[in-house]
Structure formats: C-alpha cells, structure tokens
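This briefing goes through one protein model by topic. Please keep the sequence and the structure open while reading.

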Amino acid sequence: MNAKQKWILAAAGLILLLVIAGFGYQELKTLEEKQEASGKGEGEEDKTESTEEEETQQEEKEPVAAPDFTVWDKDGKEVHLLELLDGKPGVLNFWTSKCPPCKEEMPEFQEVYEEIGEEIQFIMLDGVGCMGETEESGKAYVEEQGFTFPVYYDLEMDAVMTYGIQAFPTTFFIDKDGNLAAGRTGILTKELLQQGIELIK
C-alpha cells in the first residue's frame with residue numbers, strides 16, 4: 001500500500017469515526033445516564049421525556065455496516081473482520097501493550113470473555129506501529145498476562161486507519177448483522193463492557 005492510498009484510507013476512517021460519533025458513542029453514554037438516573041433520590045427530577053426523544057432518534061437512524069479490514073492472527077495467518085464475525089455479534093477492541101489504560105481494562109475483557117466467549121466474538125486488535133508497538137511486544141504482553149481471548153495484529157495499520165483510531169483503547173460493538181451498534185474511546189469497566197454487549201446480543 002503506497003502513501004497516497006494510506007492517506008485516502010485514513011481520511012475515510014476519520015469520516016467513519018465522525019459518523020459513528022453521531023450515533024454509536026451516544027449509546028453507551030445513554031446507558032451510563034440511565035444507570036445514574038436509576039440511583040438518584042426520590043426528590044430529584046426525572047428526565048424521561050428527553051431520554052425518550054433521544055431513543056426515538058436513535059431508532060430512526062440507518063444502520064452503519066462495520067467496515068472490513070485485514071489483520072493477522074497469532075500464527076501469522078491473514079484474516080478479515082467479516083470472516084471473524086461469521087454471523088455472530090462482536091466486540092472489537094483496539095489496544096497496544098504500550099498503553100496503560102489498555103492494560104487496565106484488558107483483565108476485565110478476559111473475565112467477560114471467559115463468561116460469554118462462546119456467544120460473542122472477541123476481536124482484540126493490537127495496533128502494531130502505534131505508540132512504538134511491535135508485534136513482538138504485543139505477543140510478549142499477551143503471553144505474560146495469560147490472556148486467552150483471540151488476539152490479532154494490525155501489521156499494516158489497515159484496521160487502525162479504516163476505523164480512524166485516534167486514541168487507545170477504543171472499543172466497538174458490532175451486531176450479528178455486521179452493523180456498528182455502539183463504540184467508546186477510553187477505558188471500559190466490566191459493567192460498561194457488559195452493557196455494550198447487551199446492545200448486540
């Protein structure tokens with residue numbers, strides 16, 4: 001892939017990220033707000049009217065297909081997002097071993113993977129080339145921590161550019177039809193991860 005193609009892909013990825021920001025990132029934020037609202041005192045006002053409007057607007061939006069990309073598994077085999085999903089809902093997480101917030105959330109992903117890894121396709125994607133990450137450092141970290149979820153390596157930064165990744169970690173939730181349901185940049189707690197998964201089950 002030449003430099004011009006990479007710039008085109010990066011621009012397309014940024015556009016995709018902006019589209020997702022318009023609807024997908026709001027999903028987890030809404031879940032957080034609902035969770036906070038359910039825990040408030042009896043004397044506080046309820047904002048159900050605005051919440052219902054937001055939900056109606058989200059339902060009317062057209063689904064956005066998750067763009068495909070090429071990455072490599074731990075054995076060096078080339079794989080593509082759509083074949084990895086294979087009709088199952090998926091959690092797509094971008095990380096690097098040089099990223100402290102990534103390392104903070106990954107044990108939570110491991111726990112959830114052990115609980116429901118048969119139902120949901122986990123795609124833990126190492127952003128090789130970002131933040132000084134190498135395939136070797138990523139593999140060493142996964143082995144050292146004993147993670148068993150599926151890990152893939154973005155050796156040509158195809159996925160990073162396609163999805164316009166600007167920060168790590170970033171997580172997307174993809175439904176069984178291959179559409180982006182939600183996404184978030186930053187650490188996911190186990191609870192938020194489970195809430196995101198509920199959106200795609």
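The notes below cover the sheet, the helices against it, the nonpolar core and the salt bridges.

The model is a predicted one. The largest nonpolar core holds 48 residues, and the salt bridges number 7.

- Strand 5 pairs with strand 6 in the parallel sense, over 3 bridges.
- Opposite Met-124 stands Val-151 of strand 6.

**Helices on the sheet**

- Which residues of helix 5 (residues 135-145) are buried? They are Glu-135, Ser-137, Gly-138, Tyr-141 and Val-142.
- These buried residues of helix 5 pack against strand 4 (90-95), strand 5 (121-126) and strand 6 (151-153), and also against helix 4.
- An α-helix has 3.6 residues a turn, so residues three or four places apart point the same way. In helix 5, Gly-138, Tyr-141 and Val-142 are among the buried residues.
- After helix 5 comes Gly-146, which has a positive phi near 70°.

**Nonpolar core**

- In soluble globular proteins, nonpolar side chains tend to be buried together.
- Here the largest nonpolar core has 48 residues, and Leu-92, Phe-94, Tyr-163 and Ile-197 are those with the most contacts inside it.
- Helix 4 supplies the largest share of this core, 5 residues.
- What does Phe-94 contact, leaving aside its neighbours within four places in sequence? Its partners are Cys-102, Leu-125, Ala-159, Val-160, Tyr-163, Ile-165, Phe-168, Pro-169, Thr-170 and Phe-172.

**Salt bridges**

- Lys-190 forms a salt bridge with Glu-111, with the closest N and O atoms 3.1 Å apart. This pair links distant parts of the chain, since Lys-190 is in helix 7 (residues 190-200) and Glu-111 is in helix 4 (residues 100-116), 79 residues apart.
- Lys-190 also forms a salt bridge with Glu-115, where the closest N and O atoms are 2.8 Å apart. Because Lys-190 lies in helix 7 and Glu-115 in helix 4, this pair ties together parts that are 75 residues apart in sequence.
- Through shared partners, the salt bridges join Glu-111, Glu-115 and Lys-190 into one network.
- Glu-111 is partly exposed at 36%, and Glu-115 counts as partly exposed at 47%.
- Lys-74 and Asp-75 form another salt bridge, with 3.7 Å between the closest N and O atoms. Lys-74 counts as exposed because its relative accessibility is 56%, and Asp-75 counts as exposed at 63%; the cut-off for exposed is over 50%.

Methods
Residues numbered from 1 in each chain as written. Predicted model: local features only at pLDDT ≥ 70, side-chain atom pairs only at ≥ 80, totals over all residues. Heavy atoms only, no water. Salt bridge = Lys/Arg side-chain N within 4 Å of Asp/Glu carboxyl O. Buried < 20%, exposed > 50% of the residue type's maximum accessible area, 1.4 Å probe, protein only. Helix = DSSP H or I, 4+ residues; strand = E, 2+ residues; numbered from the N terminus. Core = buried A, V, L, I, M, F, W, Y, C linked by side-chain atoms within 4.5 Å. Contact = heavy atoms within 4.5 Å. Pairing = 2+ DSSP bridges.
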